[in-house]
Amino acid sequence: MPAAKMHADELDVDTALVRRLIAEQFPQWAGLPVAEVPSAGTDNAMYRLGDDMVVRLPRRPDAARQVDKEQRWLPLLAPHLPLTVPVPLGRGAPAPGYAQPWSVLRWLDGGNAYDDPITELGAAAVELGRFVRALRRVDASGGPVSWRGGPVAANDAYVRAAIRDLGADGTVDAAAATALWEEVVRLPQWEGDPVWLHGDLLPGNLLTTAGRLTAVIDFGGLGVGDPAADTLAAWAVFTAGTRPLFREAAEVDDATWARGRGWALCFGLMAEHYYRQTNPVLAAVGHRAVTEALADRGFLAAQRTGSGA
């Protein structure tokens, strides 16, 4: 769980608020128990409602835009996808004391892959790769732009600030991170039509049961754009030995793969820089993504041996 509020504009949400919202807007569910779901999520708070539902409330006003997107698009995308995804059951309206829209979704069993790690990594790499490929092939007409659907190099100023600060206290190897980032900003950009992407395939958004991948959740980053960001999981979730299985199943070209590595570096640096005090779980995921991306290109080994990349 986050140690404190993560954002300056973070809203106050608790079980009492959820009970009141349900009673006012979904009286048929008013008698069901409400329990907070521990989560390292940064945009939404979750509360289990009875045995079969979960209430999902934006933690900050900017995240409220995710509600309409998930309510509209998830039912249309789900039939095309090879893994289970959330099912919207109700849309909550802004109310006194909470001026944001919110959702009721079907509860999906399992633990997130950070708390309950995937043990069948090879199988999961293939399954998630097929999920990425299937999502990419759905007609993207009219889809909203994903927050990671544009050029990764657009984050240049933030990434360099993170390298400076994290390098200063020894958290990351600033020289190695800078060398890889310089490669990333010179990469050719996506010139194809926009395609669907989840946008946030991190361990906390993957559900597992008995060590196997069973579902993909949190479609707040859902949208269309460059498919590279959905390969971020190769470095945030998988290992050097299972990464090729994910890539083969996802069917991505060399340039997309290289931009995806850039997204792993970008996400990892920015997540650890922003959340290292308030959300150590996400900071740790970010640190791993950076380490895997650097090692994948040989920069960490180069720093140790002095032999160059």
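Author: A residue is called buried when its relative accessible area is under 20%, exposed when it is over 50%, and partly exposed in between, with a 1.4 Å probe and protein chains only. By that criterion 53% of the 309 residues of the protein are buried. The model is a predicted one, in which local features need pLDDT of at least 70 and side-chain atom pairs count only at pLDDT 80 or more, while totals for chains, interfaces and linings use all residues. Residues are numbered from 1 along each chain as its sequence is written, and side-chain values use heavy atoms, leaving out hydrogens and water.

Strands here are DSSP runs of E with at least two residues, helices are runs of H or I with at least four residues, and both are numbered from the N terminus.

Two strands count as paired if DSSP finds at least two bridges between them. Strand β2 (residues 44-49) is joined to β3 by 6 bridges, and the two run antiparallel. Within this pair, M46 stands opposite R56. The hairpin of β2 and β3 has 3 residues between the strands, and G50 there takes a positive phi near 65°. β3 also pairs with strand β5 (residues 102-106), again antiparallel, over 4 bridges. The bridge partner of M53 in β5 is R106.

Now the setting. The protein has 10 helices and 10 strands. Its radius of gyration, taken over C-alpha atoms, is 19 Å, close to the 19 Å from the globule rule (2.2 Å times the number of residues to the power 0.38) for 309 residues, so the protein is as compact as a globular protein of that length. The C-alpha trace spans about 65 × 40 × 35 Å along its principal axes. With contact meaning heavy atoms within 4.5 Å, residues 24 or more positions apart account for 72% of the contacts with a separation of 6 or more.

Elsewhere, β6, β8 and β9 form an open antiparallel sheet in the order β6-β8-β9. β6 (111-112) and β9 (212-216) are at the edges with a single partner strand each, so one side of each has no neighbour in the sheet.
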